[in-house]
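Visitor: Could you walk me through this protein model, starting with something simple?
Guide: Gladly; have a look at it here, and then ask whatever you like.

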Amino acid sequence: MVMVFYGSNGKSNPVSMENKVEHQTESQITYDIHLPSNLGMLYKVRLGLQSLENNISQLSLRHFKIQNTSTLDTFSLTINKTLPLSPNGDRWIEFPIQWPLKEAFSVVTYHLTVFSRNILNERNLVHMTACIYGTHGDTGDRSLLQSLQNVQQGEKNESFLVIMDAIDLGELEKIVLLISTKTDCKLDIKKLHVQEAAKEHPIYVFEVNEEFSVNANKPKIQREIPGSFVIRGAKQKNDIDNNLKREGSQVKNLTEYTIKVYTGDKRGAGTDANVHITLFGNEDKSEVFQLSQSLEHQNPFERRKVDTFKIKTKNLGSLCSIEIGHSGKGFASGWFLEKVEITDAARNSIHCFNCNRSVDQSIITLYMLFSF
């Protein structure tokens, strides 16, 4: 069993209860723990089972009590829950700490919907967690593939719902995905939606649009997904649903593009920033793709290196331009881009976009130099 304590100034490291038993009776265990003095006023506790194995024993929790041995301030709560919360379900629970004369946060049920292309077929081979961050804290790593609901699986697109209870997170800011497996696996994730179960809106949208390749050389992948936009009304949601239907009708027309990115041979040419690209054709434009999974290098966009990426999107027609840029974050984010070559598998054609300059602003537009 593990506990994490949240205070007004931050949170503690996970505290394992394994070797901290101070006193034990048949129905009560007392632990003696030491928390950092700079946590501030405690406002919530996360308590759970650290093991990810399906055959772990159940843990029944009846009552929780915490006392500051210096001030003798005491908080107690009746829980009456058993972990995991369901067969193969969530192994964590959160509850607020309510001190006298101070209002406590409420427990909120969140619905996280994952939109993908092939996760459901691979779910027995991979472990995937998500940690949702808001202005009031985070959920910790919660499993996404243990207890799925509202599963919808089509020929290509699919979605499923994950339900988790957490102390009110406030305004949602980002999601950190962690993917791991013991075998070669590719997971194509389109986006994530998060909303409170009791409310239709707001819906927080996190665009991913990335195929994650997990293998022996890269058995674990962590990706931070910032919030893309927030749906705050029914009309906005209807517009997005209609767009999704149109995208669904175009699934069979998906085209694979191979993108080769050439970083220049100059001092300081490489970048550690997050690079993204949008493709423009004479018929349509693609969504924004994050270029993070290079087929050649674990650390892409280094001096004199060529990095290859594969993406799938709707048929754009004949490519004519691209927008490419980066987040501008990290040490030495400036990047000298030599050129980009894109192979259109459907048309068996290669398009070259020359740059030969530094990319210091967030986005630049490159026009096709020649194709063959």
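Predicted model: local features only at pLDDT ≥ 70, side-chain atom pairs only at ≥ 80, totals over all residues.

Visitor: What does E196 form a salt bridge with?
Guide: The partner is K199, and the closest N and O atoms of the two are 3.7 Å apart. K199 is partly exposed as well, since its relative accessible area is 45%, and buried would mean under 20%.

Visitor: How many salt bridges does the structure hold?
Guide: It holds 16 of them. One of these is formed by R232 and E171, with the closest N and O atoms 3.5 Å apart. R232 lies in the loop between β20 and α2, while E171 lies in the loop between β15 and β16, so this pair ties together parts that are 61 residues apart in sequence.

Visitor: And what about D284 and K314? Which parts do they tie together?
Guide: Their side chains meet in a salt bridge, at 3.8 Å from N to O. D284 sits in the loop between β22 and β23 and K314 in the loop between β24 and β25, so the parts that they tie together are 30 residues apart in sequence. D284 is partly exposed at 30% relative accessible area, and K314 is partly exposed at 22%. There is also a network, in which salt bridges that share partners join K11, K44, R46, E94, D138 and R142.

Visitor: Let's change topic. How many helices and strands are in the chain?
Guide: The chain has 2 helices and 29 strands. Of its 372 residues, 44% are buried.

Visitor: Which residues have the most contacts inside the largest nonpolar core?
Guide: They are L112, L144, I175, I189 and L192, in a core of 34 residues. Several elements each supply at least two residues of this core, including β10, α1, β11 and β15. Apart from it lies another core, which has 24 residues, among them L316, L319, I342 and F353.

Visitor: Where does D165 lie?
Guide: D165 lies in strand β15, and it is partly exposed, with a relative accessible area of 27%. Its side chain is joined to that of T109 by a polar contact of 2.6 Å. Leaving aside neighbours within four places in sequence, the residues in contact with D165 are V107, V108, T109 and R142.

Visitor: One last thing: which residues form a nonpolar patch on the surface?
Guide: The patch is formed by L369, F370 and F372, which together have about 330 Å² of accessible area. F370 has its place in strand β29 and is partly exposed, with a relative accessible area of 39%.

Technical notes:
Residues numbered from 1 in each chain as written. Heavy atoms only, no water. Core = buried A, V, L, I, M, F, W, Y, C linked by side-chain atoms within 4.5 Å. Buried < 20%, exposed > 50% of the residue type's maximum accessible area, 1.4 Å probe, protein only. Helix = DSSP H or I, 4+ residues; strand = E, 2+ residues; numbered from the N terminus. Patch = residues over 30% accessible without salt bridge, like charges linked within 9 Å, V, L, I, M, F, W, Y side chains within 5 Å. Areas by Shrake-Rupley, 256 points an atom, 1.4 Å probe, with all protein chains shown as cover. Salt bridge = Lys/Arg side-chain N within 4 Å of Asp/Glu carboxyl O. Contact = heavy atoms within 4.5 Å. Polar contact = N/O pair within 3.5 Å; in protein donor to acceptor, adjacent residues only side chain to side chain.
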